[in-house]
Amino acid sequence: MFPMAGYTYNDGDIPCDIESEPECKNLKAAADEDLILISNESHSAFLGLFSLKQISDHWTAIAVLNGSIGTNDCSGYLPVVV
């Protein structure tokens, strides 16, 4: 079994629709544009296990269990057995 861990940080611009997104209503867009770019940053981290098990000379089982959490209550998990 091998432990896995990681962290990511993203900093950039994302599109914001001034017609349908309430947080963008007060922002001023250029003429004839429905989208403007707003700055955005996010953080996330993951923790997991990776395992290899030889079944025979020709077959190996792979298992992954991973959980993640990030900015704005974003979270997920990834169970895989092959």
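Me: In what order do the 4 strands form the open sheet?
Reply: The model is predicted, with local features needing pLDDT of at least 70, side-chain atom pairs counting only at pLDDT 80 or more, and totals for chains, interfaces and linings using all residues. Residues are numbered from 1 along each chain as its sequence is written, and side-chain values use heavy atoms, without hydrogens and water. Strands are DSSP runs of E, at least two residues, numbered from the N terminus, and two of them pair if DSSP finds at least two bridges between them. The pairing here is antiparallel, and the order is β1-β2-β3-β4.

Me: Which strands stand at the edges?
Reply: An edge strand has a single partner strand, so one side of it is left without a neighbour in the sheet. This applies to β1 (2-17) and β4 (74-81).

Me: How many bridges join strand β2 to β3?
Reply: Strand β2 (residues 35-54) and β3 run antiparallel. One of the pairs sets Ala45 against Ile69 in β3. The bridges joining β2 to β3 number 11.

Me: Is Asn66 buried or exposed?
Reply: Asn66 lies in strand β3 (residues 60-70). Not counting residues up to four places away in sequence, Asn66 touches Met4, Phe46, Leu47, Gly48, Gly76, Tyr77 and Leu78, where contact means heavy atoms within 4.5 Å. The cut-offs are under 20% relative accessible area for buried, over 50% for exposed and partly exposed in between (1.4 Å probe, protein chains only). At 17%, Asn66 is buried.

Me: What is the relative accessible area of Val82?
Reply: Val82 is in the segment after β4. Val82 is exposed, with a relative accessible area of 66%.
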